[in-house]
Amino acid sequence: TTMSPAQLTTGICARLNSSENDDDDLFNSQPIVQFLSFKRVPPSGGTSTMDRYRVIVSDGEHFLQSMLATQLNPLVEEEQIVKHSIAVIEKFTCNLVQGKK
């Protein structure tokens, strides 16, 4: 059997970019997105000693930069997720970084 392509959650990137952190409907949703790239980011000092991954995420219309939680690093390192993978995001949050979301 062949699987039909997953339907990306069009508009989720724009909604995240303009959201407030109290938008429960948005943050309790489980959007389907595509990963466009992964870039290893070394620790910047402070308390973290682990590499992080900067991920470019697309909803088919727009894209945004995000950071993968360190406990998910093995997904990238073991190539369980790769460029162009499509995934359901079960849990996420938005943070301001240098004044930007």
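**A residue, its partners and the fold**

Biologist: At 22% relative accessibility, what does Asp51 count as?

Modeller: Asp51 counts as partly exposed, because its relative accessibility is 22% (buried means under 20% relative accessible area, exposed over 50%, and partly exposed in between, with a 1.4 Å probe and protein chains only). Please note that this is a predicted model, in which local features need pLDDT of at least 70 and side-chain atom pairs count only at pLDDT 80 or more, while totals for chains, interfaces and linings use all residues. Residues are numbered from 1 along each chain as its sequence is written, and side-chain values use heavy atoms, with hydrogens and water left out.

Biologist: Which side chain meets that of Asp51 in a salt bridge?

Modeller: That of Arg40, at 2.9 Å from N to O. A salt bridge here is a side-chain nitrogen of Lys or Arg within 4 Å of a carboxyl oxygen of Asp or Glu. Asp51 is in the loop between S1 and S2, and Arg40 is in strand S1, so the pair ties together parts that are 11 residues apart in sequence.

Biologist: Why can such side chains pair at all?

Modeller: Side chains of opposite charge can pair when their charged atoms come close.

Biologist: And how many salt bridges are there by this rule?

Modeller: The count is two. Arg40 also forms one with Glu77, where the closest N and O atoms are 3.8 Å apart. Glu77 lies in helix H3 (residues 73-77) and Arg40 in strand S1, so this pair ties together parts that are 37 residues apart in sequence. Through shared partners, Arg40, Asp51 and Glu77 are joined into one network.

Biologist: Are Arg40 and Glu77 buried or partly exposed?

Modeller: Arg40 counts as partly exposed, at 44% relative accessibility. Glu77 also counts as partly exposed, at 44%.

Biologist: Let us step back. Which helices and strands does the chain have, and how many?

Modeller: There are three helices and four strands, and from the N terminus on they run α-α-β-β-β-α-β. Helices (H or I, at least four residues) and strands (E, at least two) are DSSP runs, numbered from the N terminus.

Biologist: In what order do the strands sit in the sheet?

Modeller: The sheet is open, with the order S3-S2-S1-S4 and antiparallel pairing; two strands pair if DSSP finds at least two bridges between them. Its edge strands are S3 (63-68) and S4 (86-88), each of which pairs on one side only.

Biologist: How many bridges join S1 to S2, and how many join S1 to S4?

Modeller: Seven bridges join S1 to S2, and Ser37 has Ile56 in S2 as its bridge partner. Three bridges join S1 (residues 32-41) to S4. On that side, Ile32 stands opposite Val88, and Gln34 has Ile86 as its bridge partner.

Biologist: What about the nonpolar core: which members touch the most others?

Modeller: The largest core has 17 residues, and Ile12, Leu16, Phe27, Phe35, Val55, Val57 and Leu68 touch the most other members. A nonpolar core is a set of buried Ala, Val, Leu, Ile, Met, Phe, Trp, Tyr and Cys residues joined through side-chain atoms within 4.5 Å. H1 (12-18), H2 (24-27), S1, S2 (52-58) and S3 each supply at least two of its residues.

Biologist: With which residues is Ile12 in contact, leaving aside its neighbours within four places in sequence?

Modeller: With Leu26, Ser29, Pro31, Val33 and Asp59, where contact means heavy atoms within 4.5 Å.

Biologist: And which residues is Met67 in contact with, on the same terms?

Modeller: Met67, in strand S3, is in contact with Val41, Arg52, Tyr53 and Arg54, again leaving aside neighbours within four places in sequence. Met67 is partly exposed, with a relative accessible area of 39%.

Biologist: One last topic. What is phi of Glu79, and what is phi of His84?

Modeller: Phi is near 55° for Glu79 and near 80° for His84, positive values in residues other than glycine. Most residues other than glycine have a negative phi. Glu79 lies in the loop between H3 and S4, and His84 has its place in that loop as well. Glu79 is exposed, with a relative accessible area of 62%, whereas His84 is partly exposed, at 49%.
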